[in-house]
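Here's a quick tour of the fold, for someone who likes to know the cut-offs. Have the viewer open and follow along.

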Amino acid sequence: MADKMSVTADWLDGMAFSVNVLGHNLIIDTPISVGGQNRGPSPKPLMLVALAGCTGMDVIFMLQKMRVPVEKFRLIVQGDLTSEHPKHFYKMHIIYEFTGKNLPPEKLRQAIELSQEKYCGVSATLKKALTLTWEIKVNEP
């Protein structure tokens, strides 16, 4: 049988919900300009968060196994939205930004490709609905 996940969202007031995610509580809301009180992030950007977390955890795990000494690692996930309702992402782009001395480019690329092609379930899901691209930036300390 397939694994299942679920979250519980309880309406607080206005546009706000308290969401329980595997025992962790998160408040989602909308900006004041659209009727909320801006008490938490709105739902769409959380899709970008899910993508960053999924692929980021994959990549750092694999680089640690490869003994690649990354000093800093940052992901920037950009999403392009349609202009008409229902506004949805039609494109996402990930910038994998690494800082370290003599980082081997082939290992960085290999870790990202493994995440994107084999391990990251968020990427796999999103690729069915939108264009997903990525790039690597390396900074020397």
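## Pro43

Pro43 counts as partly exposed, because its relative accessibility is 48%; on this scale, buried is under 20% relative accessible area, exposed is over 50%, and partly exposed is in between (1.4 Å probe, protein chains only). Its place is in helix H1. Helices (H or I, at least four residues) and strands (E, at least two) are DSSP runs, numbered from the N terminus.

Leaving aside neighbours within four places in sequence, Pro43 is in contact with Ile28 and Asp29, where contact means heavy atoms within 4.5 Å. Pro43 and Thr30 sit 13 residues apart in sequence, and 8.3 Å separates them in space, C-alpha to C-alpha.

## Ground rules

This is a predicted model, so local features need pLDDT of at least 70 and side-chain atom pairs count only at pLDDT 80 or more, while totals for chains, interfaces and linings use all residues. Residues are numbered from 1 along each chain as its sequence is written, and side-chain values use heavy atoms, with hydrogens and water left out.

## The open sheet

Strands E1, E2 and E3 line up in that order as an open sheet with antiparallel pairing; two strands pair if DSSP finds at least two bridges between them. The edges are E1 (8–13) and E3 (24–28), each pairing on one side only.

Between E1 and E2 (residues 16–21) there are 5 bridges, and the two run antiparallel. Look for Ala9 opposite Val19 in E2.

## Strand E5 and its partners

E5 is largely enclosed by the rest of the structure, because 9 of its 11 residues are buried. E4 (residues 72–81) joins E5 through 10 bridges, running antiparallel, and here Asp80 stands opposite Lys91 in E5.

E5 also has 9 bridges to E6, this time in a parallel arrangement. In that pairing, Met92 faces Leu132 in E6.

## Helix H2

H2 (residues 105–119) has 15 residues and reaches 20 Å from its first C-alpha to its last, close to the 21 Å expected at 1.5 Å a residue; that expected span is 1.5 Å times one less than the number of residues. Which residues of H2 are buried? They are Leu108, Ala111, Ile112, Ser115 and Gln116. These cover an arc of only 120° around the axis, so they lie on the same side of H2; the arc is that of the directions from the helix axis to the C-beta atoms.

On the other side of H2, Glu106, Glu117 and Lys118 are exposed. The buried residues pack against helix H1 (43–65), strand E5 (89–99), helix H3 (121–127) and strand E6 (131–139).
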